Amino acid sequence: MAELLDQEQIRQLLHSHVPGVDEIIVEYVQGYLNDAAVAATSGDKDESENPVEDLIKPMLEDAGSADSRVDELCAKFAEMLADIEQKAHPSKRSGIAKLAAPVNMAAQLAQIDKAARAAQSRSTDLSHVKGRSVASQVDTKKLRKAEARIAAKLQKRDNRSLYEASKLIDENPLDDDDLLMKVNPILDYTSTRDKIKDVKVDNFDISYAGKRILTNSNIHLVYGRRYGLIGRNGIGKSTLLRHIAHRDLAVPTYISILFVEQEMAGDDTPAIRSVLKADIFREQLLRDEASLNAELQRLDGPSPLDDNGEEMTKLEIEAKKNEMGDRLNSIMTKLQDIESDKAESKAGEILNGLGFSSADFERPTRSFSGGWRMRLSLARALFCKPDLLLLDEPTNMLDIPAVVWLERYLRTWSSTLLVVSHDREFLDEVATDIIHQHSEQLDQYRGNFKTFWSTREERRKNQLREYESQMQYRQHLQEFIDRWRYNARRAPQAQMKIKILEKLPELEKPEDEKVVTFSFPNPDSISPPVLYMDEVTFGYSSERKILENVNIDMQMDARVAIVGPNGAGKTTMLKLLIGKLEPTSGLVHRHGRLRIAYFSQHHVDQLDLSLTAVGHLKKTYPGKTDEEYRGHLGAFGISGMTGLQEIRTLSGGQKSRVTFAGLAVQQPHFLVLDEPTNHLDMESIDALTNALKTFKGGVVLVSHDERFIDSVCTEMWVCADRKVTKFSGEGIKEYKKMICPPEDE
């Protein structure tokens, strides 16, 4: 909390006017005056309260100082607060105000007297005075009908502006033009440019599956700023995004919203055409232009007919052409306004940045995998450029070059962005503000993640210091009250302290940070050679080779990161290591006693969502007791009733933890991990990092998380151009700089 008052000056004033004052009282007065100053500057001041007279003055008098000295000190404190308020609100004036017009007091008194005599002359309903019920003259049937009509009108209004995204997704998971038109009712986005597009929602609650997500919360998104939404797994971040997208929160309908949550549908539409079609307004203008041109061409033909099938006169033809020409000019103006002629190059730039090659532009969308169709969904959203773009873990399906491109692209984003991400580097590059979701509340911070991290810790320390100071002061007061409350001589002082205690504001202790820990069981030792590839080549056909002549040797202490562009064969190499694929030529050697546990980046698709976490482990890895399964789940933070919930109700991060628990059940010698940090929150990523550092077996991983790779791995191998070679540089940052040079170079 910012200190608006000079804390050292307050301390000196207290010690000079109240010699020997307790340090607890000094700290409390400092904090209380600062809170009062903050309230005065922000406009939250309660005019019915006087913090100096109501609380500070009795406290200081009780400390044993002379009344005159206390009065002098309190006057100085009041003057300090008044100066702060006057600086914050210079237009606010106090004191005697001049009336706008003279007031005739005699006339007003005469009018009051006349009204009193008239009231006395009327009969009084004694039964009403005594409190007995009086029959209502309102027709209750008509009242109910009127209320029903009003309720129906409000419901109709709500239905008209309701965002239908979730319903449409449930009915039809395909991402098509009808979906985009229904989710944003205003088609012509050029008509809303002059409107204020800030989103401000106060005092709202959100619940999901019987669990309270947010209580009496506030959110304020300023148009043009980029917000990073962070919080623990299962705290409800995606639920909040969904409520905003569905307009369950009061977001004006003229603010267009796009929520990139799932992959788009696959059909025969070329990739670049699917991106262009996402701009519904442009598509409609082009259709109207084509229709008008066709109509003008018809009118230029021989003997055009009107709507009734009769031949048109020259005058009718000319009038029709003029009407069509005016409409065509209006359409052309709008197409020029939205830079329609540059749309294709803009769509190509976005696709290229997200990793699509020029040859991919014309491929039908159904030929792409789920991860690539997710990129297409992101490309469509970036191309549409909505007023409010909602992204949920956008970097999960991207390789390092695509992540760097997205960071740079979003830094120039002119609309509002709200993105859920646990990638600290990404948030540092993109976010201008951080929203921290915790304890059913939303706390907003200015600055990127690094700024948030330092500010949050300082804020928490100040809150804890203020809380502890008040608790000590409360205890001090309560001890005095308990000791002297029934003593005749000291009873008045005890009563005064009771009043002080009652007026103290209720402070809540800052939430203690829950420490997240992961733990993999250490394996028994194996003598080398443990795992290696010798001249391995693999291809799905002789013409389409993925890897050629790969040689790599890994021992029990291996900490290897495999990096490279998407589609280069990183996942293929992992599958060759674990035996899911057999090489076309060459040898993959695995020790006879070697146990390998594999984490797939598509692990969620392999979970039976109808089972509980315990049930999933029991079905997949039978032969152990429920207590053993619970122990493995507990080692990854799935404890208590969470282990008995259906997996479908768990967040993405919690599902990942269930999968990690399954790896631990196998007691592996080697962990082979494909994008293990996807869906994990920051605390879980740190916990996984520490678990892998202490694990006595080998680790091979594919990841785009720079911080994770840097913390866990001791060597990097680059998979590109069908080769796998050891990187000789100084880690992931040097590799990133090599493949993605800074923009100023």
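What follows is a short chat about helices, their packing and some individual residues.

Me: Before we start, what kind of model is this?

Reply: It's a predicted model, so keep that in mind throughout.

Me: OK. How many residues does α24 have, and how far does it reach?

Reply: α24 covers residues 682–694, which is 13 residues. From first C-alpha to last it reaches 19 Å, close to the 18 Å expected at 1.5 Å a residue.

Me: What caps the N-terminal end of α24?

Reply: That's D681. One of its side-chain oxygens sits 3.3 Å from the backbone nitrogen of E683.

Me: And which residues of α24 are buried?

Reply: The buried ones are M682, S684, I685, A687, L688, T689, A691 and L692.

Me: Let's move on to α15. What's its length like next to the expected value?

Reply: Helix α15 runs over residues 370–384, with 15 residues. Its end-to-end C-alpha reach is 21 Å, close to the 21 Å expected.

Me: Is α15 mostly covered or mostly open?

Reply: Mostly covered, with 13 of its 15 residues buried.

Me: How do α15 and α16 sit relative to each other?

Reply: The axes of α15 and α16 (residues 400–411) come within 13 Å and cross at roughly 15 degrees. That angle makes α15 roughly parallel to α16. The crossing of this pair is left-handed.

Me: What about α2 and α4, what angle do they pack at?

Reply: About 30 degrees, with the axes of α2 (residues 23–42) and α4 (residues 67–88) 9 Å apart. Angles under 35 degrees count as roughly parallel, so α2 is roughly parallel to α4.

Me: Which hand does the crossing of α2 and α4 have?

Reply: Right-handed for α2 and α4, while the α15 and α16 crossing is left-handed.

Me: What's the C-alpha separation between W405 and C740?

Reply: It's 8.6 Å, although W405 and C740 are 335 residues apart along the chain.

Me: Switching to Q284: which helix is that in?

Reply: Q284 is in α12, residues 280–299. At 24% relative accessibility, Q284 counts as partly exposed. The C-alpha atoms of Q284 and I331 are 9.9 Å apart, and in sequence the two are 47 residues apart.

Me: What does the side chain of T416 reach?

Reply: The backbone nitrogen of G224, at 3.3 Å. T416 is in strand β6, residues 416–420, and with 2% relative accessibility T416 is buried.

Me: Last topic, cysteines. How many disulfides turn up in the whole structure?

Reply: A search of the whole structure finds 0 disulfides.

Me: Are C74 and C719 buried or exposed?

Reply: C74 is buried at 2% relative accessible area, and C719 is buried too, at 0%.

How values were computed
Residues are numbered from 1 along each chain as its sequence is written. This is a predicted model: local features need pLDDT of at least 70, side-chain atom pairs count only at pLDDT 80 or more; totals for chains, interfaces and linings use all residues. Side-chain values use heavy atoms; hydrogens and water are left out. Helices (H or I, at least four residues) and strands (E, at least two) are DSSP runs, numbered from the N terminus. The expected span of a helix is 1.5 Å times one less than its number of residues. Buried means under 20% relative accessible area, exposed over 50%, partly exposed in between (1.4 Å probe, protein chains only). A polar contact is a pair of N or O atoms within 3.5 Å; within protein, one must be able to donate a hydrogen and the other to accept it, and residues adjacent in sequence count only if both atoms are side-chain atoms. A disulfide is a pair of cysteine sulfur atoms within 2.5 Å. Axes are lines fitted to C-alpha atoms, for helices over the stretch in contact, and angles run from 0 to 180 degrees between N-to-C directions. Angles under 35 degrees count as roughly parallel, over 145 as roughly antiparallel, 65 to 115 as roughly perpendicular and the rest as oblique. A crossing is left-handed if the near helix is turned anticlockwise from the far one by less than a right angle, and right-handed if clockwise.
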